[in-house]
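Here's a quick walk through a fold, with an eye on its charged pairs, its core and its surface. Have a look at the model, then read on.

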Amino acid sequence: MPISTVNSGFGTESTSASENLAQNWWLFLLRGILGILFGVVALIFPGPTMLSLVLLFSAYTLVDGVAGIISAVRAIQRKEERWGWLIFEGAVNIAVAILAFLWPGMTVLAFVLLVAAWSIVSGALMTAAAFRLSVSHGRWWLVLGGLLSVGYGALLVATPLIGAIVLTWWMGAYAIAFGFALVILSFKLRLRQNQQINRTVARTAA
């Protein structure tokens, strides 16, 4: 009996949080589009100086971090659900962006290790946050985005002495895959929001 009660309570909390996130589907769409654009630029122009790469990466992580925090805060405004994982992930992104801006002349190895740490931490936080989202709202797309981030970070840790151009290609491929995962998630959230609106209209009409 206690187990049933706990599961029921968690299911209600997860559903409420999912509905709140669905109202802010466009923020996930924005993050996905930014990721895809960043990835395309990295693949088309793989030979920039390390300084340009650091600044481009910093700008992307800063905007992504701000968008992540906004999406989490807007999701909890009504029901005060705890979306601390997503807020923490956004804060990590902003901190890494500021760190890269402050030390733009860092060596290739230092930059690779910074990107690796960011990918692993932000990916783990995103994966943890995904389990607060119901399956029907696209939980596994958020999980996929988190796992892609962790896998990319692990790949960088395993081979930290790669060239700057190869690093750019890897970063571009990761950003595009991550962006597509968030875009698909945003469309699923948008679909759930429309269904919720239709149910509300039907109940009002009845």
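In what follows, buried means under 20% relative accessible area, exposed means over 50%, and partly exposed is anything in between, using a 1.4 Å probe and protein chains only. With that in hand, Glu 89 is buried, at a relative accessible area of 2%.

Two housekeeping notes. This is a predicted model, so local features need pLDDT of at least 70 and side-chain atom pairs count only at pLDDT 80 or more, while totals for chains, interfaces and linings use all residues. Residues are numbered from 1 along each chain as its sequence is written, and side-chain values use heavy atoms, with hydrogens and water left out.

**The overall picture**

The chain has seven helices and zero strands; helices (H or I, at least four residues) and strands (E, at least two) are DSSP runs numbered from the N terminus. Read along the sequence, that gives the pattern α-α-α-α-α-α-α. Of the 206 residues, 44% count as buried. Contact here means heavy atoms within 4.5 Å. Among contacts between residues at least 6 apart in sequence, 81% join residues at least 24 apart. The chain exposes about 10,000 Å², with carbon and sulfur atoms supplying 74% of it; accessible areas come from the Shrake-Rupley method with a 1.4 Å probe, and for residues only the protein chains shown count as cover.

**A charged network**

Side chains of opposite charge can pair when their charged atoms come close. A salt bridge is a side-chain nitrogen of Lys or Arg within 4 Å of a carboxyl oxygen of Asp or Glu, and this structure holds two.

| Salt bridge | Closest N and O atoms |
|---|---|
| Arg 31 and Asp 64 | 2.7 Å |
| Glu 89 and Arg 31 | 3.1 Å |

Arg 31 sits in helix 2 (residues 25-44) and Asp 64 in helix 3 (residues 50-76), so their pairing ties together parts 33 residues apart in sequence. Glu 89 forms its salt bridge with Arg 31. Glu 89 lies in helix 4 (residues 84-102) and Arg 31 in helix 2, so this pair links parts 58 residues apart in sequence. Salt bridges that share partners join Arg 31, Asp 64 and Glu 89 into one network. Arg 31 is buried, with a relative accessible area of 1%, and Asp 64 is buried too, at 2%.

**The nonpolar core**

A nonpolar core is a set of buried Ala, Val, Leu, Ile, Met, Phe, Trp, Tyr and Cys residues joined through side-chain atoms within 4.5 Å. The largest one has 35 residues, and those with the most contacts inside it are Phe 111, Val 115, Trp 118, Leu 156, Leu 167 and Met 171. Elements giving two or more residues to this core are helices 2, 3 and 4, plus helix 5 (108-130), helix 6 (139-158) and helix 7 (164-205).

What does Trp 118 touch, leaving aside its neighbours within four places in sequence? Its contacts are Phe 57, Tyr 60, Thr 61, Val 92, Asn 93, Val 96, Gly 123 and Tyr 174.

Leu 53 belongs to helix 3 and is buried, at 3% relative accessible area. The C-alpha atoms of Leu 53 and Leu 167 are separated by 9.7 Å, though the two residues are 114 apart along the chain.

**A nonpolar patch outside**

Patches are made of residues with over 30% relative accessible area and no salt bridge, with like charges joined within 9 Å and nonpolar side chains (Val, Leu, Ile, Met, Phe, Trp, Tyr) within 5 Å. Val 40, Val 41, Ile 44, Phe 45 and Leu 56 form a nonpolar patch on the surface, with about 430 Å² of accessible area together. Helix 2 gives the most to this patch, with three residues. Ile 44 is in helix 2 and is exposed, with a relative accessible area of 54%.
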